[in-house]
Amino acid sequence: MKQDNENDIVIFTDGSSLGNPGPGGWGAVILFQPENKVEEIGEYEEKTTNNRMEITAAIESLLAIEDMSGDAMICTDSSYLINGITKWIRGWEQNGWQTKTKEEVLNRDLWERLAMLVRDREKMGKLIWKKVKGHSDVLGNLRADAIATSFAEQADVEFLHGSLEKYEKTLGGFLLPKDSPLELLQGESLRKPAARSSKAKAYSYLSFINGKIEIYKTWAECEKKVKGVKGAKYKKSLSAADEEKIIKEWSTT
């Protein structure tokens with residue numbers, strides 16, 4: 001029986017889309033515990049849904065560690081992903097990828113690929129799926145969300161890589177509870193980072209079309225304005241100061 005976490009890998013994943021379907025992105029934070037190193041990955045997709053991005057984040061994370069042995073844990077705030085891979089997928093496979101109402105399973109292509117990767121991963125070690133609370137203080141989840149949302153918004157994304165110590169210092173929090181085994185990971189034990197959370201409550205939404213900036217109180221208003229408009233930019237602000245910063249940034253472009 002394994003006595004420590006020397007081969008454990010902890011992954012936080014998240015997905016995002018604007019419009020659903022619309023432009024989207026996924027993000028993941030991977031902690032390699034043997035070396036105490038962190039790697040971030042993520043990508044943009046032109047037209048997708050939030051659920052597809054959630055599954056894609058898990059797929060790409062498993063691909064990133066496919067040659068590494070040892071136990072792994074995937075932490076996500078997506079009930080759809082957790083339930084799909086741990087409960088529903090066996091029934092889907094047995095029923096020829098049809099739901100109980102005889103409808104085609106949505107996102108079948110991704111579920112089939114994920115199922116294959118999970119089977120391969122389980123040959124390398126134990127695979128744990130952990131549901132974490134979204135919109136809370138889980139640093140890994142917040143960071144994965146920030147990456148995914150930035151890609152969806154087609155904003156610049158700067159991946160953070162390197163030692164766990166440097167990573168936690170940069171973000172101002174703890175990726176894992178101190179002196180806690182992998183199996184006891186609890187989101188409530190993690191400290192909220194200083195980094196901004198892209199899922200925080202919006203102060204306003206802004207659009208930038210043909211040199212003109214407009215401000216909205218709801219995403220629905222903003223989406224209606226930018227949807228289908230080539231070259232349109234849009235962002236969420238979290239405060240009056242944040243709103244002013246975005247306006248200044250766009251005014252100089």
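Begin with the second largest pocket, which holds about 390 Å³ of space. On a 1 Å grid over the protein atoms alone, a pocket is an open set of points where a 1.4 Å probe fits, with protein on both sides within 12 Å along at least five of seven lines, and lining residues have an atom within 4 Å of a point. Select Gly22, Pro23, Lys227, Gly228 and Tyr234, the closest to the pocket's centre among its 17 lining residues. Strand S2 (22-32), strand S3 (37-48) and helix H6 (219-226) each give two or more residues to this lining.

The model is predicted: local features need pLDDT of at least 70, side-chain atom pairs count only at pLDDT 80 or more, and totals for chains, interfaces and linings use all residues. Residues are numbered from 1 along each chain as its sequence is written, and side-chain values use heavy atoms, with hydrogens and water left out.

Next, colour the chain by pLDDT, the predictor's confidence in each residue, from 0 to 100. The chain average is 84, and 86% of the residues score at least 70. Helix H1 (residues 50-64) has the highest confidence, at a mean of 97, and helix H7 (residues 240-251) the lowest, at 78. Select residues 183-199, where the pLDDT is below 50; this stretch has 53 contacts (heavy atoms within 4.5 Å) beyond near neighbours in sequence. Where pLDDT is low, the predicted coordinates should not be read in detail.

Finally, select helix H2 (residues 79-94) and helix H3 (residues 108-121), whose axes come within 11 Å and cross at roughly 95°. H2 is therefore roughly perpendicular to H3 (65 to 115 degrees). Among the residues in contact are Trp92 of H2 and Trp111 of H3.

Terms used: Axes are lines fitted to C-alpha atoms, for helices over the stretch in contact, and angles run from 0 to 180 degrees between N-to-C directions. Helices (H or I, at least four residues) and strands (E, at least two) are DSSP runs, numbered from the N terminus. Angles under 35 degrees count as roughly parallel, over 145 as roughly antiparallel, 65 to 115 as roughly perpendicular and the rest as oblique. Grid points are joined across faces, edges and corners, and a volume is the space filled by probe spheres set on the points.
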